[in-house]
Amino acid sequence: MTAVLTGGRVELVNPATEQPAGEVHFASVAEADEAILRAHRAFEHWRTVAPADRGRLLRAFAALVDAHVEELAQLEVRNSGHPIGNARWEAGNVRDVLNYYSAAPERLSGRQIPVAGGLDVTFSEPLGVVGIIVPWNFPMPVAGWGFAPALAAGNTVVLKPAELTPLTALRLGELALEAGLPEDVFTVLPGEGPVVGQRFVTHELVRKVCFTGSVRVGQQIMRGAADSMKRITLELGGKSANIVFADSDLAEAARTAPGSVFDNAGQDCCARSRILVEAGVLDRFLELLEPAVRDVRVIDPRDEASEMGPLISDARRQAVSSFVEGDSMDVAFRGSVPDGAGFWYPPTVVLPKSTADRVWRDEVFGPVVSVLPFTDEADAVAKANDSQYGLSGSIWTRNLGRALRVSRGVEAGNLSVNSHSSVRYSTPFGGFKQSGFGRELGPDALDSFTEIKNVFFSHD
Ligand code: NAD
């Protein structure tokens with residue numbers, strides 16, 4: 001965990017070594033208020049910057065991120081314990097998202113609507129200051145999915161990284177300035193959720209809050225936003241199903257299943273943490289899954305061969321462990337972890353007794369996957385949907401009709417047939433049910449950072 005030093009300074013911990021990872025200043029409410037006011041003033045200018053120039057600045061920002069991918073990735077390895085290969089992908093994702101939305105300022109257009117007596121047109125107006133609240137599991141991508149479209153649409157941004165993982169966000173803030181974004185257009189404010197994050201929710205000059213995190217805090221934000229009728233996007237938890245039919249390429253489904261849940265040590269809202277296997281092939285599937293799980297390379301995240309790093313903190317490790325050791329789960333098999341310091345937990349496959357078990361129902365947010373059988377297509381869909389969450393999921397089958405029927409039947413925002421892909425910068429991402437609402441990425445995200453204004457010009 002972080003240790004609070006004097007003057008709002010906090011010491012960060014490298015989760016792979018338990019050694020200091022750096023120090024950071026946590027903002028106070030007064031500092032958050034000052035940053036929001038400055039962002040509000042900056043908005044008056046930023047909204048008037050010519051669309052082509054706004055696009056150019058975002059491309060310059062993307063180019064600087066590209067030039068610093070290695071530095072950002074190394075910083076993330078130190079602060080978050082992500083395997084170096086993953087961290088490079090994460091930094092590259094910020095670059096790609098910035099490039100994608102850099103085209104938006106010149107393409108955000110309204111409509112001309114036929115009416116009597118004059119000309120009616122709509123404008124897509126920016127909202128003002130947007131507050132972005134980011135969790136610790138993917139500090140760079142989740143930040144970029146918020147700030148890139150928000151800035152492209154003409155808003156200014158105040159961004160609060162998670163307490164445990166602020167280092168890469170701070171560096172991105174510096175790169176934005178270096179790229180030429182005007183002062184106070186994009187401000188990174190590390191701090192505590194109930195202090196800085198909560199201030200984003202209550203401050204009247206913050207016009208929208210984009211929150212990614214737990215359902216519990218998402219609910220608090222939704223309640224708090226009601227007073228000022230603040231716009232919100234909520235990207236919350238998940239308990240995604242990986243449905244494997246007997247007619248699928250079973251070997252491929254088993255080979256890829258570990259990556260779909262143990263990536264980022266299972267601290268992934270899209271983790272396919274419930275595997276549903278057609279009953280007749282369950283034993284065969286488990287036989288194929290076992291070597292794939294044992295082969296996951298859980299080693300020093302600085303090692304190029306690392307596939308899974310440690311958990312973010314000892315508290316997280318204890319929470320994960322409580323699902324398995326605490327509940328005396330039937331562990332089918334598990335991988336290994338390095339000896340010595342670090343918040344390690346092995347990739348673990350459990351066989352719950354029923355769908356009522358806590359490990360099947362709750363988000364573990366660690367490298368634990370549960371496997372249960374289903375009888376037929378209807379049972380698979382019913383079991384997949386028997387969850388408060390609806391973020392992501394996979395369907396493995398060679399039957400096209402079944403793939404279509406099941407993908408229409410499963411209540412989730414992002415499904416993938418015969419693969420485990422969830423996120424592409426050009427396609428919408430977000431949840432059903434308690435996984436939240438609103439969509440990030442793709443063309444739809446821009447709408448959530450603008451208001452439609454309708455203006456009628458009379459002929460007379
Ligand atoms: P969290 O809800 O504890 O914290 C998330 C962020 O909210 C942090 O920056 C925290 O400081 C801030 N926060 C805490 N209390 C606050 C308050 N009262 N007001 C305003 N802000 C506050 O979540 P976490 O533990 O950091 O992240 C894990 C959760 O995030 C998991 O449930 C995971 O599924 C979810 N997640 C969802 C997505 C998605 O896109 N759907 C992506 C990543 C993570």
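Reader: Which residues does S422 touch, not counting residues up to four places away in sequence?
Author: In this predicted model, S422 lies in the loop between strand 18 (414–417) and strand 19 (432–433). Leaving aside residues up to four places away in sequence, the residues that S422 touches are C270, R272, S392, N414 and F429.

Reader: Is S422 buried or exposed?
Author: The relative accessibility of S422 is 13%. Residues under 20% are classed as buried. S422 therefore counts as buried.

Reader: How is the chain divided into domains, and what distance separates their centres?
Author: The domain assignment gives domain 1 as 8–236 + 435–458 and domain 2 as 241–424. Taken over C-alpha atoms, the separation of the two centres is 30 Å.

Reader: How many residues does each domain bring to the contact, and what area is buried between domain 1 and domain 2?
Author: Domain 1 brings 26 residues to the contact and domain 2 brings 29. Carbon and sulfur atoms give 62% of the area buried between the domains. That buried area is about 2,200 Å².

Reader: Which residues form the salt bridge between domain 1 and domain 2?
Author: The count between the two domains is 1 salt bridge. Side chains of opposite charge can pair when their charged atoms come close. Here the N to O distance is 2.9 Å, and the side chains that meet are those of R88 and E304.

Reader: What separates D53 and R56 in terms of helical turns?
Author: The side chains of D53 and R56 meet in a salt bridge at 2.5 Å, N to O. Both belong to helix 2 (residues 51–67), where they are 3 residues apart. Their separation is therefore about one helical turn.

Reader: Where in the chain are R361 and D386, and how many residues apart are they?
Author: R361 and D386 form a salt bridge whose closest N and O atoms are 2.9 Å apart. The pair links distant parts of the chain, with R361 in helix 12 (residues 358–361) and D386 in the loop between helix 13 (377–385) and strand 16 (389–390), a spacing of 25 residues.

Reader: Which residues are linked in a network of salt bridges?
Author: The structure holds 28 salt bridges. A network of such bridges links D247, E377, R402 and R405.

Key
Residues are numbered from 1 along each chain as its sequence is written. This is a predicted model: local features need pLDDT of at least 70, side-chain atom pairs count only at pLDDT 80 or more; totals for chains, interfaces and linings use all residues. Side-chain values use heavy atoms; hydrogens and water are left out. Domain bounds come from an automatic or database domain assignment. Contact means heavy atoms within 4.5 Å. Buried area is the accessible area (1.4 Å probe) that two parts lose on being put together, summed over both. A salt bridge is a side-chain nitrogen of Lys or Arg within 4 Å of a carboxyl oxygen of Asp or Glu. Helices (H or I, at least four residues) and strands (E, at least two) are DSSP runs, numbered from the N terminus. Buried means under 20% relative accessible area, exposed over 50%, partly exposed in between (1.4 Å probe, protein chains only).
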